[in-house]
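Trainee: I am new to this one. Please show me how to read it.
Mentor: Gladly. Let us look together.

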Amino acid sequence: MKGLVYRGPGQKALEEIPDPQIEQPTDAVVKILRTTICGSDLHILKGDVPTVKPGTVLGHEGVGVIEAVGPAVSTFKKGDHVLISCISSCGRCDYCKRGMYSHCSVAGWMLGHTIHGTQAEYVRIPFADTSLHRIPDGMDEEALVMLSDILPTGFECGVLNGKVQPGSSVAIVGAGPVGLAALLTAQFYSPAEIIMIDLDDNRLEVARTFGATQTVNSGRENAVERVKALTGGIGVDTAIEAVGIPATFVLCQDIVAPGGTIANVGVHGAKADLHLERLWAHNITLTTRLVDTVTTPMLLKTVQAKKLDPRKLITHRFALADILDAYKTFEDAAHTKALKVIIG
Ligand code: NAD
Ligand code: ZN
């Protein structure tokens, strides 16, 4: 089959590689119908994620059809349409029982990181019973592909950790796909204000159409002053960091109100400045989290009930054969206005 293989920092290739096989009784092999490119793939390609070894097939969002199952898989059979969680987990260990699937002590494998991923014709899914979700008949698969990672990331790490409440004020720093996913899912809780902060006017415009009440271009405006002016001088109840650089982590500390919460979603390769004394004095809660995809089933029902439409995030579509062009489009988002690029 064809798959997009990471070949070390700065290098990737669409290669002919062996078809995945059932290796364990709990495995399934899934034929990929749709996958995506994620910001994390670009981090890996820069060499920022040393746990990803050269030779790994990239990609961690996907929907597909079951091609084969091992003898111990009881929930799925050949031909079932499934949504693939970016985390493969056993479902039975102490961490899994607490919903901390990404810390599963038996597996806890992330597709396209520690095991081969979805940017290929087929993928092997360990612990299929607990790592796949059935797609109800007639549902548009493309609408669900982002429930593998970015929707639960924005929701779990940003909105739930950030304790977004009805009538509260929220600032989301970073209007990339993850920040926009937080914007879409924050609205489940009817906050009064959602202020979106970014450097990119196009993404801020998208955020407006997705329901942001205010947008701030922090490249042109003093974001701290704007947020304070919009919140009666006190700052926001929830500041969601969805960029992953020191400056935006500091910005979150500058705009959160006393008693508020900073929900850090961004992956900070470098050290970030933590003004612990100030956070202590203002009763600030700081949360971090690796996505667990524990909310993927409830997000699936929300999409099914037409209360959430992740398709809004899709800007481009490519065939697997053209995945290198898809990467160029995604990497050049400033010009191409790419948000989510779908493969398949
Ligand atoms: P992205 O790079 O597409 O988006 C980041 C956005 O931040 C862009 O719109 C960019 O214009 C904006 N930005 C950059 N510098 C800025 C600045 N100084 N001020 C304001 N805005 C700025 O990334 P993404 O795919 O949306 O992901 C966002 C973060 O979430 C990344 O760090 C990613 O690694 C992380 N992530 C975390 C988890 C998790 O489990 N916690 C899972 C997936 C992704
Ligand atoms: Zn487990």
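Trainee: Which residues does Val123 touch, not counting residues up to four places away in sequence?
Mentor: Val123 touches Pro20, Val30, Ile32, Gly62, Leu111, His116, Gly117 and Thr118. Two residues are in contact if their C-beta atoms, placed from the backbone, lie within 7 Å. One caution: this is a predicted model, where local features need pLDDT of at least 70, side-chain atom pairs count only at pLDDT 80 or more, and totals for chains, interfaces and linings use all residues. Residues are numbered from 1 along each chain as its sequence is written, while chains are lettered from A and ligands numbered from 1 in the order in which they are written.

Trainee: Where is the place of Val123?
Mentor: Val123 is in strand E8 (residues 122-125). Strands (E, at least two residues) and helices (H or I, at least four) are DSSP runs, numbered from the N terminus.

Trainee: Why does Val123 count as buried?
Mentor: A residue is buried if 20 or more other C-beta atoms lie within 10 Å of its own, exposed if 12 or fewer, and partly exposed in between; the C-beta atoms are placed from the backbone. Val123 has 28 C-beta neighbours inside 10 Å, so Val123 counts as buried.

Trainee: What should I know about phi?
Mentor: Most residues other than glycine have a negative phi. Phe127 has a positive value, near 50°. Ser190 also has a positive phi, near 50°.

Trainee: Where do Phe127 and Ser190 lie?
Mentor: Phe127 is in the loop between E8 and helix H3 (128-131). Ser190 lies in the loop between H5 and E11.

Trainee: Is Ser190 buried or exposed?
Mentor: Ser190 is exposed, with 11 other C-beta atoms within 10 Å. Phe127 is buried, with 27.

Trainee: In what order do the six strands of the open sheet run?
Mentor: Two strands pair if DSSP finds at least two bridges between them. Here the order is E12-E11-E10-E13-E14-E15, with parallel pairing. Strand E12 (214-217) and strand E15 (285-288) are the edges, each pairing on one side only. Inside the sheet, strand E10 (residues 169-173) and strand E13 (residues 236-241) pair over four bridges. Ala171 stands opposite Ala239 in E13.

Trainee: Which domains does the assignment give?
Mentor: Domain bounds come from an automatic or database domain assignment. This one gives domain 1 (2-148 + 292-343) and domain 2 (152-288). Their centres, taken over C-alpha atoms, are 27 Å apart. The contact takes 17 residues from domain 1 and 14 residues from domain 2. On the side of domain 1 that touches domain 2, H1 and helix H10 (296-304) each supply at least two residues.

Trainee: Which residues come nearest to ligand 1?
Mentor: A residue is near a molecule if its C-beta atom, placed from the backbone, lies within 6 Å of it. Of the 32 residues around ligand 1, Gly39, Gly176, Val178, Gly244 and Val267 come nearest. Domain 1 and domain 2 each give at least three residues to the shell. Among the elements that supply at least two residues each are helix H1 (39-46) and strand E11 (193-198).
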